[in-house]
Amino acid sequence: MIRLHHVPLARSFRVLWLLEELGLDHEVVNYSIRDGSLRSPEFLALSPAGRVPVLEHHGAVWFESGAIVQMLCETYPEAGLMPPPGHADRARFLEMLGYSETVGCLLESLNLNLVFLRPPAKPSVPVVKLLNARLRASLAAMEARMEGAWLLPSGFSAADIMFGYGFELARYYVVLDQYPRLVAYWERLRARPAYDRAKARNGKQDIYTRDFYPVPEEG
Ligand SMILES: N[C@@H](CCC(=O)N[C@@H](CS)C(=O)NCC(=O)O)C(=O)O
């Protein structure tokens, strides 16, 4: 039995996409980030910080998207979605899992400031400017490094799922056209049939209400 605890468009999408790449039968349980259900005692028993994703995998319970991705790749090595220890691309793979969370945390902080804060609370303009600049710098660094079709020279891997998910969400805060290589990379990613299947199971997102959130004006 494989069951994914998921919020549409949240980091749990990474796991949903990987499950589809692996062709594993799974159940998806949807939550909303807005209704308190991630703070219920039942959910906190699965995820100590009340976050998604959580994956129930044949009796084991795993949280943290990067760890779940690594565990799934290790459990199903025949899919070849992770370079094994000793492989020339292993270090880059692990770096990219971590880097994807560097980007993920910047997006999360922007979400907190620009999407989830409710009046009378106001976002901090200097903090949002800084977060936005750090997000742009993180993407520009990857744009400069992007040489082949995928993040790893050895081909498509779960690192592309981890990073590609964040790149897709960055469009809410930055103009993606400034990263033409990453945009082309993203087109390759979204052409994957497993991405389409995951999108079909993603559910309706209730995080973003606008297409773009610019840095607010001072004052
Ligand atoms: N590092 C964790 C972060 C998980 C995380 O923060 N997930 C967000 C959704 S993208 C969440 O569940 N937020 C709920 C909340 O903050 O209440 C991971 O990669 O799994």
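## Salt bridges across the fold

Glu101 and Arg14 form a salt bridge (a side-chain nitrogen of Lys or Arg within 4 Å of a carboxyl oxygen of Asp or Glu), with their closest N and O atoms 2.9 Å apart. Glu101 lies in helix H4 (residues 90–116) and Arg14 in helix H1 (residues 12–22), so this pair ties together parts that are 87 residues apart in sequence. Helices (H or I, at least four residues) and strands (E, at least two) are DSSP runs, numbered from the N terminus.

This is a predicted model, in which local features need pLDDT of at least 70 and side-chain atom pairs count only at pLDDT 80 or more, while totals for chains, interfaces and linings use all residues. Residues are numbered from 1 along each chain as its sequence is written, and side-chain values use heavy atoms, with hydrogens and water left out.

The structure holds 12 salt bridges, among them the following.

| Pair | N to O distance |
|---|---|
| Glu101 and Arg14 | 2.9 Å |
| Glu108 and Arg51 | 3.3 Å |
| Lys199 and Glu168 | 3.3 Å |

Lys199 in helix H8 (residues 193–201) and Glu168 in helix H6 (residues 158–170) link distant parts of the chain, 31 residues apart. Glu108 lies in helix H4, and Arg51 in the loop between helix H2 (41–46) and strand S3 (54–57), so the two connect parts 57 residues apart in sequence.

As to accessibility (buried means under 20% relative accessible area, exposed over 50%, partly exposed in between, with a 1.4 Å probe and protein chains only), Arg14 is buried at 0% and Glu168 is buried at 8%, whereas Lys199 is partly exposed at 27%. Glu108 is partly exposed at 22%, and Arg51 is partly exposed at 42%. Salt bridges with shared partners join Arg11, Arg14, Arg51, Glu101 and Glu108 into one network.
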